[in-house]
Amino acid sequence: MKTAFLTGITGQDGAYLAKFLLERGYHVAGLVPRRSTVDRWRLEYLGIVDQVEYIDGDIMDVSSLIRGLKACKPQEVYHLAAQSFVGSSWEQPILTAQVTGMGVLHVLEAIREVDPSIKMYQASSSELYGLIQEPQQSENTPFYPRSPYAVSKLFGYWMTKNYRESFQMYACNGILFNHESPLRGLEFVTRKVTDAVARIVHQKQKELRLGNIAAKRDWGFAGDYVEAMWLMLQQNTPDDFVIATGKTSTVEEMCRIAFDYVGLNYQDYVVVDPTLYRPAEVDILLGNPEKAKQELGWAPKTKLEQLVHMMVEADLRRVAKMS
């Protein structure tokens, strides 16, 4: 039985990845920071909360990472933990740099100290491309980060690559474009939209205030994308991969799909609020997943309409239970 050690296991990607690995016979251990409350609702939602080993520790504390690795002796580490909300990174740039950037280095150092043969997946981000230098972004497209979050992710990306080349460690960057699900946090625009649709249907909300609805994103389903993370660590040699659908849609189009699903016209409810614009906008992101298709045999299974409908259904059920 293989053992996988996950940071960020209580997040969206961590929960889906844990379920995916459990279904393949892995023993799954998750790093859980000591807080007054630890919210494991995503693991409960997927029905796996009691199937995971929880290890106390924090990515900002290298000693706890070392102890965690020694305790569970994993063959694979998936580093997903981060301050992952772009909007908050302008309000907390130093914290974001420490957690999202330095956290990667801490994990790499812990692996190098305990067992350099451990394979590591690092969660990179399409936000690295920022002010895009090519219409469709691939592994060879130059980066131009446009937020403290993206700059921090860039540090993690290059540190992962550096450790791979300097210490011959098996370390991969997964450059994932936007991936959503019913487990997405409410602060992210997709969940903000689908939650608002559910609340409007149940008469708990009257409008939906958004920023730049002309922004274009390449949206996929997180449940599809965790398979790509796993596939990266099953190859003969480590490499970096763009994971995306290769299709882009505006926030406005996503709103239309969500409101249409419940028979409403989004234009009657969506209000553009200039105060919600980012200090530096990322207008369009569109990934080129051809390398992942050719080398990993990976392709997304879920279309945007299916994804949005899935999320609206889940939020309708949640809001109904609160009534």
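The model is predicted, so local features need pLDDT of at least 70 and side-chain atom pairs count only at pLDDT 80 or more, while totals for chains, interfaces and linings use all residues. Residues are numbered from 1 along each chain as its sequence is written, and side-chain values use heavy atoms, with hydrogens and water left out.

Helices (H or I, at least four residues) and strands (E, at least two) are DSSP runs, numbered from the N terminus.

## Helix α7 and its partner α11

Helix α7 covers residues 189-201 and helix α11 covers residues 304-322. The two pack at an angle of about 50°, and their axes are 8 Å apart. Axes here are lines fitted to C-alpha atoms, for helices over the stretch in contact, and angles run from 0 to 180 degrees between N-to-C directions. α7 and α11 are therefore oblique to each other; angles under 35 degrees count as roughly parallel, over 145 as roughly antiparallel, 65 to 115 as roughly perpendicular and the rest as oblique. The crossing of α7 over α11 is right-handed. A crossing is right-handed if the near helix is turned clockwise from the far one by less than a right angle, and left-handed if anticlockwise.

On the α7 side, the contact (heavy atoms within 4.5 Å) is made by Thr-190, Arg-191, Thr-194, Asp-195, Val-197, Ala-198, Arg-199 and Val-201. The α11 side contributes Val-308, Met-311, Val-312, Asp-315, Leu-316, Arg-318, Val-319 and Met-322. By class, this contact of α7 with α11 holds nine nonpolar, two polar and five charged residues. In this scheme Ala, Val, Leu, Ile, Met, Phe, Trp, Tyr, Cys and Pro count as nonpolar, Asp, Glu, Lys and Arg as charged, and the others, Gly among them, as polar.

The length of α7 agrees with expectation, because its 13 residues at 1.5 Å a residue should span 18 Å and its end C-alpha atoms are 18 Å apart. The expected span is 1.5 Å times one less than the number of residues.

Buried residues of α7 include Thr-190, Val-193, Asp-195 and Ile-200; buried means under 20% relative accessible area, exposed over 50%, and partly exposed in between (1.4 Å probe, protein chains only). The buried residues of α7 pack against α2 (41-45), β7 (179-180), β8 (208-210), α9 (251-261) and α11.

## Helix α9 against α11

Helix α9 also meets α11: their axes come within 9 Å and cross at roughly 55°. That makes α9 oblique to α11. α9 passes α11 in a right-handed crossing. From α9 the contact draws on Met-254, Ile-257, Ala-258 and Tyr-261, and from α11 on Leu-304, Glu-305, Val-308, His-309, Val-312 and Glu-313. The residues of the contact of α9 with α11 comprise seven nonpolar, one polar and two charged.

| Residue | Relative accessible area |
|---|---|
| Ser-152 | 5% |
| Ile-48 | 4% |
| Cys-255 | 1% |

Ser-152 lies in helix α6 (residues 148-167). Not counting residues up to four places away in sequence, Ser-152 touches Thr-96, Ala-97, Thr-100 and Gly-101.

Ile-48 is placed in the loop between α2 and β3. Lys-19 is 29 residues from Ile-48 in sequence, and the two are 6.7 Å apart in space, C-alpha to C-alpha. Leaving aside neighbours within four places in sequence, Ile-48 is in contact with Ala-15, Ala-18, Lys-19, Leu-22 and Leu-43.

Cys-255 belongs to helix α9. With neighbours within four places in sequence left aside, the contacts of Cys-255 are Val-193, Leu-210, Tyr-266 and Val-270.

In α3 (62-72), the buried residues are Ser-64, Leu-65, Ile-66, Gly-68, Leu-69 and Cys-72. Their cover includes β1 (3-7), β2 (27-32), β3 (53-56), β4 and α5 (93-114).

Most residues other than glycine have a negative phi. α3 is followed by Lys-73, whose phi is positive, near 45°. Lys-73 is found in the loop between α3 and β4 (76-79) and counts as exposed, at 58% relative accessibility.

Gln-168, likewise not a glycine, has a positive phi of about 55°. This residue is in the loop between α6 and β6 (171-176), and Gln-168 is exposed, with a relative accessible area of 63%. Just after α7, Gln-203 takes a positive phi of about 60°.
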